[in-house]
Amino acid sequence: MAKEVIMPKLGLTMEEGVINKWFVREGERVEKGAPLFEVATDKVNMEVESPASGVVLKILYPEGATVPITEVVAYIGEEGEEVPVPQKGAPGGKPEAREEVAGEAVVIQRGEVAKERIKASPLARKLAQEYGIDLATVTGTGPGGRIVREDVERARRTLEEAKRREIPVAERVPVAEEAKGRVVPLSRMRQIIAQRMLESVRTKPHFFVFQEILAEELVKMRERLLPLVEKETGLRVSYTDILVKVVAKALERSPLLYASFTDEGIVFPEHVNIGVAVALEDGLIVPVVKEVERKSIAQITRELHDLVERAKAGKLTPEEISGGTFTISNLGMFGVDAFTAIINPPESAILACGAIKKKPVFDGKDIVPLAVMELVLSCDHRIVDGAVAAQFMQFLKTLLEEPFALLL
């Protein structure tokens, strides 16, 4: 019996998913555990593996379709095996399901069955399968309306031209001359970002606390850690890695900064889970380093490096971008002096980090060039008051300017 492939529930909040792409076509063989299709959820893009080995007998939803969880999206079985016929009233987004019967195509749509003879030469059928072209969409010009090679080639050229004109959903927003006169469809990720940021601004009364720190000791700390961390992990420790650890230490003294506001009350999590904003071509994503208070800087470097690499490759799981209690957004590598960030729901605060730059600073006697860094804390005023935010920033400043305080 053909194996059902369903839209999986990839996270606690997932109710539906968008099929970004199919990695196989109908009639192709797939092995159990091989990538079958890619799903865009409300949090992440993720590949879904084939639940069985066999031939892809039928794909019920095309790329771009939004499918409820647990809905059947395809069937896998042995070649020639029958596929259940969708009943009338079944979800309407399904394309026509077709099964070849002795050279004829039986067209099934929403339970209504009609027989349609598709006359095509063997070569035309072979080419159509190779090109992924549905013969039912091709007009035959051969004797008696028979589809011949030239008809399939023409259909292929038409399809390729249409794809060239189409703007890919996940395309990066064009710049300069390329952007003029164009409308780029919103990717699923951009839609989610827009929805969540608007929700944050509407529901969370933001206020901001600015803090300038002297980063001389932070710079020295990284220089000393570089060979040690590289020896242990094979990776170069970044300022973000260090900030994750230092911020976690400061948060332990200010639990309201990593709590969340609910209608039932203030929720205080058991651990400090810090999300780090990662820029992607079509948006951004926030992988989460869990239980940071228990981890060394070397462990954070290894874990964060892995998360960032897999984020860029679209390989993160829903669990790896969930459960954050505080977020760090660092734009220092772009030379940004300072900026304000929008809180990532359901968290109550986010720290925006600017670049470390040499600036003239009065040290009490002289004006000297010192490394300076700008930090901006965004807070949800429903749960965090100004004094609490200021105390957090004051202690964070102490930790960054006197790293030995981490030992206290």
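1. Lys204 and Asp380 are both buried. This is a predicted model, so please read the distances below as computed from predicted coordinates. For Asp380 the relative accessibility is 0%, and because buried means under 20%, Asp380 clearly qualifies.

2. These two residues pair up: Lys204 and Asp380 form a salt bridge, with 3.5 Å between the closest N and O atoms. The partners come from distant parts of the chain, 176 residues apart. Lys204 lies in the loop between α3 (188–203) and β12 (206–214), while Asp380 belongs to strand β21 (residues 367–380).

3. Asp380 has another partner to look at. Its side chain also meets that of Arg382 in a salt bridge, at 2.8 Å from N to O. Arg382 has 33% relative accessibility and so counts as partly exposed. Taken together, Lys204, Asp380 and Arg382 are linked in a network of salt bridges.

4. Now have a look at helix α2 (residues 149–165), which holds both Arg149 and Glu153. Arg149 forms a salt bridge with Glu153, and their closest N and O atoms are 3.9 Å apart. Because the two residues are four apart in the helix, about one helical turn separates them. The 3.9 Å distance falls within the 4 Å cut-off, so the pair counts.

5. For context, a search of the whole structure finds 18 salt bridges. Those described here are among them.

Technical notes
Residues are numbered from 1 along each chain as its sequence is written. This is a predicted model: local features need pLDDT of at least 70, side-chain atom pairs count only at pLDDT 80 or more; totals for chains, interfaces and linings use all residues. Side-chain values use heavy atoms; hydrogens and water are left out. Buried means under 20% relative accessible area, exposed over 50%, partly exposed in between (1.4 Å probe, protein chains only).
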